[in-house]
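Colleague: I am new to this one. Can we go through it in short questions and answers?

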Amino acid sequence: MVYDKLTYAGNLDNLRDLEDNPRHSFVRGDICDMSLVDRVIQEEQISTILNFAAETHVDRSIFEPGSFIQTDIYGTYVLLEATKKFGLDRMIHISTDEVYGEVMSGSSVESDPLRPRSPYAASKAGGDLICLAYHTTYGTPVVITRGSNSIGPYQYPEKVVPLFITNALDDLPLPLYGDGSQMRDYQYIIDHCEGIDTVLHQGKIGEIYNVGSGVEIRNIDMAKGILRLLKKPESLIQYVEDRPGHDRRYSLDTTKLQSLGWGSRHAFQEALEKTVKWYTENEWWWRKIKSGEYKEWYERQYGKRKILP
Ligand code: DAU
């Protein structure tokens, strides 16, 4: 069962492949709505929750942190309460490498301290901590995964990779923050999901598992890689004013998850190729998104942004 509020980045088109699947059902709802969450769990006899629900975009959290605090912390609390109240088998809480904060050298292990630096990362860290507190205090069966940047089909084009691909397809500038030398671990979404699935079936209650490819790519190289695949000129890259508090680098040590038998299967180049191909072949999906709310966001975010020499 998919339970989703369908806010700006939610979209029933993303579930099209499941439409005729008798094992799939959908309920529109907010994880902050405790009475609806409780009712659905009871009526549908839910045994396990995977909490993918979150406000996720760092730049938006800089403009309006409130919805992040609400969904990513209070919403997580509602799901934990339900897990406890109805004696569910387990709750998997999907988190992020951003809770560790900027990591200038080495890689984060699960026991590292949390040093979130954006309102988004701090909200996710709050969610993680309340999960761990529920496990310690009430024995609630919760497991946390912390993933790196996912790329692949159906990703809302506010995230840098689909933003750059869809802009490049339209010969629009690719707004690269700062000097473009920030590094991210871009992992293919299927690898990320397989990691979560491994944790769902084999993860130990009360534990945290990092999920990432272990390969760090500079944003400038990611942008050039996209342009190369689309045979577009590098002159489309436009250096713009940096994101406030921009974390330069994240890096995950995934030894713990690998010890459960999981491994990342897509190298960065293959992940990027598959992603570029999907957006090239699925304009029907993203063209309608890139109007309405998206246009307003784009104007607010990039309209007056300083262009760097
Ligand atoms: O690391 C995992 C996280 O990855 C997730 O927890 C977040 O939900 C997800 O949004 C993502 O956060 P990032 O801030 O790393 O992703 P984003 O796609 O916004 O940016 C990736 C990098 O690209 C980052 O260094 C900022 C840069 N960037 C981003 C945008 C939107 C640009 O240079 N230009 C842009 O227009």
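Colleague: Which element gives the largest share of the lining of the second largest pocket?
Modeller: This is a predicted model. The second largest pocket has a volume of about 290 Å³. Elements giving two or more residues to its lining are β12 (237-240) and α11 (293-302). The largest share, four residues, comes from α11.

Colleague: What is the volume of the largest cavity?
Modeller: Searching the whole structure for cavities of 30 Å³ or more finds one. Its lining includes Val58, Glu98, Arg184, Arg243 and Asp247. The lining residues divide into four nonpolar, three polar and four charged. The volume of the largest cavity is about 60 Å³.

Colleague: What span does helix α4 reach from its first C-alpha to its last?
Modeller: Helix α4 covers residues 119-138, which is 20 residues. At 1.5 Å a residue, 28 Å is expected. The model comes close to that, with α4 reaching 28 Å.

Colleague: Which elements cover the buried residues of α4?
Modeller: Buried here is under 20% relative accessible area. In α4, the buried residues include Tyr120, Lys124, Asp128, Cys131 and Tyr134. Among the elements covering the buried residues of α4 are α2 (58-63), α3 (66-85), β4 (90-96) and β5 (142-147).

Terms used
Residues are numbered from 1 along each chain as its sequence is written. This is a predicted model: local features need pLDDT of at least 70, side-chain atom pairs count only at pLDDT 80 or more; totals for chains, interfaces and linings use all residues. Side-chain values use heavy atoms; hydrogens and water are left out. The expected span of a helix is 1.5 Å times one less than its number of residues. Buried means under 20% relative accessible area, exposed over 50%, partly exposed in between (1.4 Å probe, protein chains only). Contact means heavy atoms within 4.5 Å. On a 1 Å grid over the protein atoms alone, a cavity is a set of points where a 1.4 Å probe fits but cannot get out, and a pocket is an open set with protein on both sides within 12 Å along at least five of seven lines; lining residues have an atom within 4 Å of a point. Grid points are joined across faces, edges and corners, and a volume is the space filled by probe spheres set on the points. Ala, Val, Leu, Ile, Met, Phe, Trp, Tyr, Cys and Pro count as nonpolar, Asp, Glu, Lys and Arg as charged, and the others, Gly among them, as polar.
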